[in-house]
Amino acid sequence: MAAKLQRVLDEISQQMRASTDWGEVASYIPELGEVRPDQFAISVATADGGLFSAGDFQTRFSAQSITKVFTLAIALGRAGDQLWHRVGREPSGTAFNSIVQLEHEQGRPRNPFVNAGAIVTTDEVLAGREPREALAEFLGFVRAAAEDDDIHINADVARSETAHGHRNAAHAHFLASFGNLKNPPEKVLGTYFHHCATEMTTQQLAKAGRFLIGTGSYPRMVSLDRVRRLNALMLTCGHYDGSGEFAYRVGLPAKSGVGGGILGVVPGQASIAVWSPGLNRNGNSKLGTEAMEQLAREMDWSVF
Ligand SMILES: NC(=O)CC[C@H](N)C(=O)O
């Protein structure tokens, strides 16, 4: 499989680089708006310890909402199934930052991957501690999963989002008004913006995602039972209102971020990280999605 996988990744990378439409980089976080759109990287970490890459796989990018998978894993570790009293498990059918449902459903976000849901899981991880302690736990988890200590938070990106984070602030205050935040909204938001600002290369992200494969020799961060649940949520909710389309086209559990990254999982086989900063209209990486679709087809990878 190794030779074929490397050939497929090289082909995909070449094809993506020849693209004339890279999509639009997110500009509502000004720091992300500075990123050059014509970049592409892909990495695959296999259950048997292989690591394959093509493109700009040494360039760090902002993981953004992909970090919600790690905060969810930590929050479930802390609260167990009690967490589900505070956040649901259904696809939202709305944009990642839509606020409409939250009022209608009385402050219980649809799922842990829309912003409101991730603000709740971040609140759970914070658990009365100082943000720097919660962030140390978060970074510790990601670094241990990736077996790489050279993973950091970009303070400029966190600052940039804080300065323009009115919509997320609205979410946090809304949650607080329904009694669904245990910590002060400003503390939760600061922690949320910082974990979103974690930077990784596709190689680091693919390695960090191995704990979702379910078998193989790498740090086992959560139980296999929980791995299945995390994958189910990634499949149904990982791409917001584009989740159905992504499941149809790619057929793998995956989580996107507005920095243009996608973390995908082939249960039992591999973890995939792809990055291209230009987004489609649902706020998911345009070429990243195309690359995942092609990889899944060529390798015959699907959960269906
Ligand atoms: N989709 C995303 O990646 C969104 C994450 C971003 N930090 C936000 O809250 O808007």
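So, where does the ligand lie? Between domain 1 (2–64 + 199–299) and domain 2 (67–197), because both of them give residues to the shell around it. Those domain bounds come from an automatic or database domain assignment.

A quick word on what you're looking at. This is a predicted model, where local features need pLDDT of at least 70, side-chain atom pairs count only at pLDDT 80 or more, and totals for chains, interfaces and linings use all residues. Residues are numbered from 1 along each chain as its sequence is written.

Back to the ligand. Among the residues surrounding the ligand are Gln-64, Ser-65, Asn-115, Glu-161, Asn-168, Cys-196 and Val-258; a residue is near a molecule if its C-beta atom, placed from the backbone, lies within 6 Å of it. The shell divides into 3 nonpolar, 7 polar and 1 charged. In that count, Ala, Val, Leu, Ile, Met, Phe, Trp, Tyr, Cys and Pro are nonpolar, Asp, Glu, Lys and Arg are charged, and the others, Gly among them, are polar.

UniProt, in an unreviewed entry, lists Ser-65, Asn-115, Glu-161, Asn-168, Tyr-192, Tyr-240 and Val-258 under "binding site". The UniProt positions are in the numbering used here, feature names are shortened, and annotations may be inferred rather than shown by experiment.

Let's pick two of those. Ser-65 sits in the loop between β3 (61–62) and α3 (67–79). Helices (H or I, at least four residues) and strands (E, at least two) are DSSP runs, numbered from the N terminus. Is Ser-65 buried or exposed? Ser-65 counts as buried, because it has 25 C-beta neighbours inside 10 Å. The cut-offs: buried takes 20 or more other C-beta atoms within 10 Å of the residue's own, exposed 12 or fewer, partly exposed is in between, and C-beta atoms are placed from the backbone.

Leaving out residues up to four places away in sequence, Ser-65 touches several residues, including Phe-96, Cys-196 and Val-258. Touching, or contact, here means C-beta atoms, placed from the backbone, within 7 Å. Then there's Tyr-192, in helix α9 (residues 185–196). Tyr-192 is buried too, with 30 other C-beta atoms within 10 Å, and its contacts, again not counting residues up to four places away in sequence, are Ala-118, Ile-119, Thr-122 and Asn-168.

Now, how do the domains meet? 31 residues of domain 1 are in contact with 35 residues of domain 2. On the domain 1 side, α11 gives the largest share, 6 residues. That side has 17 nonpolar, 7 polar and 7 charged residues. The C-alpha centres of the two domains lie 21 Å apart.

On to the inside. The largest nonpolar core has 94 residues, and Ala-254, Ile-272 and Met-292 touch the most other members. A core like this is a set of buried Ala, Val, Leu, Ile, Met, Phe, Trp, Tyr and Cys residues joined through C-beta atoms within 7 Å. It draws at least three residues from each of domain 1 and domain 2.

Take Ala-291, in helix α13 (residues 286–299). Ala-291 is buried, with 28 C-beta neighbours inside 10 Å.

Most residues other than glycine have a negative phi. Gln-106 isn't a glycine, yet its phi is positive, about 55°. Gln-106 is in the loop between α4 (100–104) and α5 (115–126), and it's exposed, with 10 other C-beta atoms within 10 Å.

Notes
Contact = placed C-beta atoms within 7 Å.
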